[in-house]
Amino acid sequence: MTHTTRRTLLKTGAAFAGASVIGSPALVRAQADKIKIGHLTPLTGFLGALGAYAQLGIRMAQEEINAAGGVMGRPLDVLSEDSVNPATASTKAQRMLEQDGVAFLMGEINSASALTIMQVAERNKRLFLQIGARSDALRGKNCNKYTFHVDIPNTVMVNAVGKALVRENMVKDKKFFTLTADYIFGHDLLNAAKRFFGANQGNLIGDELIATDVTDFSPYLLKIRQAKPDVVCSNLAGNQVTNLIKQYAEFGLPYPIVGFNLNTADAWAAGDGNLSGIWPTVWYHTLDVPASKTFVANFIKKNGKPPENHAWIEYVSLKIMAQAINETKSTETDKLIAYLEKETEFDILKARKGHFRSWDHQLMQEAYPFTVKAKGQAKDQWDLIALGAAVPDANEPLESLAPTREQNPCSL
Amino acid sequence: MQFGFLLEQVVNGLVLGGYYLLIALGLSLIFSVGGIVNLAHGAFYALGAYASVEITKHFGFGPAVVLSPVAVALLGIAFERFILRRFYTADPILSLLVTFGLAMVTEQAIRMIWGAAPLSASIPPAFRGSVFLGDFLFSRYRLLILAVVAIVLLGVWLLLHKTSFGRVVRAGIQRPDMVAALGIRLQPYMTAIVMLGVGMAALAGAFFAPISIVHPAMGSEIITVAFVVVVIGGLGSFWGVVLAALLVGVVRGMTIHFVPAAGEASIYVLMFLVLVVRPRGLLGERIEKFE
């Protein structure tokens with residue numbers, strides 16, 4: 001009996017090996033005076049490294065807020081869990097609202113998971129502060145009244161890098177070859193990229209959709225060589241970006257590489273001398289703003305390494321919600337939404353304050369194109385990039401890079 | 001010209017297959033001799049990568065790709081002695097569970113020691129860039145990997161087919177009862193096989209660290225492909241695994257060339273087809289103890 005099973009065992013082994021990890025529910029203690037907040041972010045999978053930074057950031061904000069006496073005299077209690085995948089994310093969000101008694105939901109990096117949590121928020125008529133997912137569709141055709149978005153959307157990233165590319169004469173009449181993450185985020189970013197190429201006379205001569213679990217890019221690199229583009233452009237996400245950067249440097253293809261999406265943890269993991277080109281970022285720890293520098297110093301003291309952009313954005317997000325609760329003296333959904341929709345200004349540790357645009361719930365804020373520091377100029381392993389000037393320029397409205405009402409089909 | 005690009009994809013697929021091979025061969029050997037489906041195999045691959053990144057920091061790349069597999073192979077002794085040994089005759093579902101558990105424990109341990117953020121690793125300067133042979137483009141570093149795989153493969157083949165050690169192992173795969181009747185204890189051989197197997201996985205990890213992302217879940221990412229290779233190749237056959245690994249690499253490359261969207265699915269379709277036509281795998285032997 002056992003003998004016959006061994007062989008079948010091997011065949012099922014492959015399926016078993018791919019079995020997903022089931023997250024264990026956090027232990028919840030009922031304490032009436034705490035304000036509970038549900039926080040979901042991917043801790044495993046291709047965005048797991050970013051989620052780990054997200055947790056560090058939100059925990060630091062929670063500790064600071066509670067050390068200063070909490071909000072309305074009540075401590076914040078952030079229940080933070082691995083969102084795993086879109087299906088698990090929505091199940092956990094529903095459970096947090098129903099059983100754990102959280103006041104509202106925060107978090108996410110994965111656009112597909114963010115979308116399912118948005119649906120849970122709408123169904124339950126509760127607030128969801130969508131922090132780290134960048135797909136345009138979330139604040140566009142899929143937008144809803146209960147969700148606010150903190151991170152810059154894809155269109156802003158494309159426009160931020162695009163401005164720099166146009167200035168360097170790298171767009172007009174140039175042939176682009178793009179590599180795109182094969183899920184809602186990537187498709188969305190490719191659309192934004194196509195609009196940009198169209199508006200600036202760039203030619204898209206090839207695109208490859210790449211599954212999120214691909215680790216070997218060599219067949220794609222050979223196809224790029226066959227296509228002979230002028231510029232290679234990455235629309236990838238998370239671990240994909242790191243793998244591409246490493247293998248692009250390995251093959252040493254002669255075409256310059258740029259990207260419309262990057263998180264600094266992905267760049268840090270790429271290894272010495274592998275990253276090149278122009279990329280966008282929403283924040284970097286070398287940003288020359290006093291409040292930002294204080295945050296960075298405190299973070300390093302606590303965690304022994306500088307914060308990544310997801311640590312920063314989660315930190316300011318919890319501070320935004322604390323301010324909202326304090327000002328409205330309430331955790332009620334309608335009051336919080338009304339407060340955020342008033343276009344209240346928030347200090348987000350940047351030169352200019354940010355505000356949520358009332359008609360699509362998107363935080364308006366500065367972004368930065370960056371280039372890579374030449375060898376020998378970096379102070380340490382984290383000091384990898386040279387930030388360009390903030391976009392939009394100080395004399396332009398913050399909205400100037402964001403999708404316009406004509407471009408954005410959102411109606412709340 | 002089109003033909004040239006195809007050939008390039010084929011050769012590139014063969015190189016990639018070599019890397020799959022390093023992981024799959026150990027998996028196949030451990031299963032063939034001990035009857036254990038080692039779901040923790042990927043964990044040793046990840047440990048190999050992490051160890052090599054650490055050693056590279058202090059002693060450079062050369063010592064790292066030698067010392068890291070050796071260290072992991074030594075860990076393999078403890079793995080075999082204290083864990084696997086209890087499960088050779090037990091219900092196979094137990095060994096499946098224990099190795100799956102070990103894989104998760106190792107992944108979390110890596111996360112606790114090195115953190116969730118990926119480590120950075122680079123190719124040594126001497127092996128950067130690519131070489132042209134005629135119109136063919138080869139990554140210099142992947143040629144190095146190919147050479148290492150070829151040497152390891154030759155070594156393992158000689159070990160299994162030209163030494164008394166190999167004769168006992170091959171006999172042990174087919175007729176462990178006969179080996180025992182001849183007064184030979186299989187256990188020390190099993191220890192050696194596990195060492196060899198996890199050492200090869202660690203070697204793959206060490207060589208792939210500079211060109212792919214070094215993160216805690218890298219082991220669970222690779223184990224599925226390794227299983228596919230073993231299933232396609234068939235049990236007990238050295239050349240079966242070799243053939244399957246190369247086939248998987250080439251099929252993936254060709255699919256990406258023609259139908260990019262099906263690239264990752266192609267290897268599972270291949271496995272399905274092989275199982276339908278030859279349930280035993282391409283060159284799998286009939287092993288009485290598993291029938």
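How many residues of chain B are in contact with how many residues of chain A? In this predicted model, the count is 51 residues of chain B against 48 residues of chain A. The legends below start with this contact and then turn to views of chain A.

**Figure 1. The side of chain B that touches chain A.** Contacts with 48 residues of chain A involve 51 residues of chain B. At least two residues each are supplied by helix H1 (2-34), helix H4 (92-114), strand E2 (136-139), helix H9 (218-233) and helix H10 (238-258) of chain B. H9(B) gives the largest share, seven residues. Sorted by class, this side of chain B holds 29 nonpolar, 14 polar and eight charged residues. The mean pLDDT of chain B is 91, with 98% of its residues at 70 or more. For the model, ipTM is 0.89 and pTM is 0.87.

**Figure 2. Chain A as a whole.** Twelve helices and 14 strands make up the secondary structure of chain A. Its C-alpha atoms fill a box of roughly 80 × 65 × 45 Å along the principal axes. The radius of gyration of chain A is 22 Å, which agrees with the value near 22 Å that a compact globule of 412 residues would have. Of these 412 residues, 56% count as buried. Among contacts in chain A with a separation of 6 or more, 70% join residues 24 or more positions apart.

**Figure 3. The five-stranded sheet of chain A.** This open sheet has the strand order E2-E1-E3-E4-E5 (chain A), with parallel pairing. Strand E2 (76-82) and strand E5 (147-149) of chain A are the edges; each has a single partner strand, so one side of each is left without a neighbour in the sheet. From one strand to the next, the twist averages 25°. Seven bridges join strand E1 (residues 35-41) of chain A to E2(A) in the parallel sense. Within this pair, A:His39 is placed opposite A:Ser80 in E2(A).

**Figure 4. Strand E8 of chain A and its two partners.** Strand E8 (residues 231-235) of chain A pairs with strand E6 (residues 175-181) of chain A over five bridges, in the parallel sense. A:Cys233 in E8(A) is the bridge partner of A:Thr178. E8(A) also runs parallel to E9(A), to which three bridges join it. There, A:Val232 stands opposite A:Ile257 in E9(A).

**Figure 5. A:Glu108, a residue with positive phi.** A:Glu108 is not a glycine, yet its phi is positive, about 80°. The residue sits in the loop between strand E3 (104-107) and helix H4 (111-124) of chain A. Is A:Glu108 buried or exposed? A residue counts as buried if 20 or more other C-beta atoms lie within 10 Å of its own. A:Glu108 has 32 C-beta neighbours inside 10 Å and therefore counts as buried.

**Figure 6. A:Leu349, in another loop of chain A.** The phi of A:Leu349 is positive, about 65°, although the residue is not a glycine. The loop that holds A:Leu349 lies between helix H12 (333-341) and strand E11 (355-356) of chain A. A:Leu349 counts as buried because it has 22 C-beta neighbours inside 10 Å.

**Figure 7. The cis peptide bond at A:Pro392.** Between A:Val391 and A:Pro392 the peptide bond is cis, and omega is near -5°. A:Pro392 belongs to the segment after strand E14 (385-387) of chain A.

Note on methods:
Residues are numbered from 1 along each chain as its sequence is written. Chains are lettered from A and ligands numbered from 1 in the order in which they are written. This is a predicted model: local features need pLDDT of at least 70, side-chain atom pairs count only at pLDDT 80 or more; totals for chains, interfaces and linings use all residues. Helices (H or I, at least four residues) and strands (E, at least two) are DSSP runs, numbered from the N terminus. The radius of gyration is taken over C-alpha atoms; the globule rule is 2.2 Å times the number of residues to the power 0.38. A residue is buried if 20 or more other C-beta atoms lie within 10 Å of its own, exposed if 12 or fewer, and partly exposed in between; C-beta atoms are placed from the backbone. Two residues are in contact if their C-beta atoms, placed from the backbone, lie within 7 Å. Two strands pair if DSSP finds at least two bridges between them. Ala, Val, Leu, Ile, Met, Phe, Trp, Tyr, Cys and Pro count as nonpolar, Asp, Glu, Lys and Arg as charged, and the others, Gly among them, as polar. pLDDT is the predictor's confidence in each residue, from 0 to 100. Axes are lines fitted to C-alpha atoms, for helices over the stretch in contact, and angles run from 0 to 180 degrees between N-to-C directions.
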